[in-house]
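Subject: Structure handover

Hello,

I am passing on a structure that is new to you. Please have it open while you read the notes below.

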Amino acid sequence: MRFLFLLFIIIPIIEITLLINVGQAIGAWYTVGLVLLSAFIGVNMLRYQGLSTLARAQQKINAGEMPAGEMIEGLVLAVGGALLITPGFFTDVIGFCCLIPFTRQLLSKALVSRFTLVAASHRRPPFEGPEVPPGPGRPRPDPRVDGKGDTIDGEYRREDD
């Protein structure tokens, strides 16, 4: 928690110092233009990189694999996009590092090494396991469905006449 508090104090100080120094060197309007240009370029890069990451994730899902790396890359892309929209040069550098494929993959690998990913491969089919009698708050079992989860289908004809 202390680390985040320090980040919220230190990063704005770095940003303000950089903006003042760049503004004195090239002028205030050019500095504002550079900040807006970096945000525009960053949003366009984010769109392109996000779509390519989404396409790779869909390919893995279609192949029956879990797109864990692509999910982490998507998270890194979202953080990079947020940093690029934030005005300032320091956050822009970090944001562009999150959008460049090589550095994004390095960041993703570092994040994956810190977490354990677990995939649920099998789900219990409905109506399997111990039967729970109906009661308050519990639905009555469907009589058209047998205990194995198969639907019983049939036709009937009335023979009263």
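Residues are numbered from 1 along each chain as its sequence is written, and side-chain values use heavy atoms, with hydrogens and water left out.

Confidence

The predictor's confidence in each residue is given as pLDDT, from 0 to 100. The protein chain has an average pLDDT of 80, and 75% of the residues score at least 70. Confidence in the chain is highest in helix H4 (residues 89-99), at 91, and lowest in H5, at a mean of 84. Helices here are DSSP runs (H or I, at least four residues), numbered from the N terminus. Where pLDDT is low, the predicted coordinates should not be read in detail.

Helices H3 and H5

Helix H3 (residues 68-85) and helix H5 (residues 101-114) have axes that come within 9 Å and cross at roughly 115 degrees. The axes are lines fitted to C-alpha atoms over the stretch in contact, and the angle runs from 0 to 180 degrees between N-to-C directions. On the H3 side, the contact (heavy atoms within 4.5 Å) is made by Ile-72, Glu-73, Val-76 and Leu-77. On the H5 side, Arg-104, Gln-105, Leu-107, Ser-108, Leu-111 and Val-112 take part.

Salt bridges

The whole structure holds four salt bridges. A salt bridge is a side-chain nitrogen of Lys or Arg within 4 Å of a carboxyl oxygen of Asp or Glu.

Glu-73 and Arg-56 form one of them, at 3.1 Å from N to O. This pair links distant parts of the chain, with Glu-73 in helix H3 and Arg-56 in helix H2 (residues 28-62), 17 residues apart. Glu-73 is buried at a relative accessible area of 7%, and Arg-56 is partly exposed at 26%. Buried means under 20% relative accessible area, exposed over 50%, and partly exposed in between (1.4 Å probe, protein chains only).

Lys-60 and Glu-70 form another salt bridge, with the closest N and O atoms 3.6 Å apart. Lys-60 sits in helix H2 and Glu-70 in helix H3, 10 residues apart. Lys-60 is partly exposed, with a relative accessible area of 28%, whereas Glu-70 is buried, at 9%.

Glu-73 also pairs with Arg-104 in a salt bridge, the closest N and O atoms being 3.1 Å apart. Through shared partners, salt bridges join Arg-56, Lys-60, Glu-70, Glu-73 and Arg-104 into one network.

Arg-104

Is Arg-104 buried or exposed? Arg-104 is buried, with a relative accessible area of 1%. Leaving aside neighbours within four places in sequence, Arg-104 is in contact with Gln-49, Thr-53, Arg-56, Glu-73, Val-76, Leu-77, Cys-97, Cys-98 and Leu-99. Arg-104 and Gly-80 are 24 residues apart in sequence, and their C-alpha atoms are 9.2 Å apart in space.

Regards

Conventions: Helices (H or I, at least four residues) and strands (E, at least two) are DSSP runs, numbered from the N terminus.
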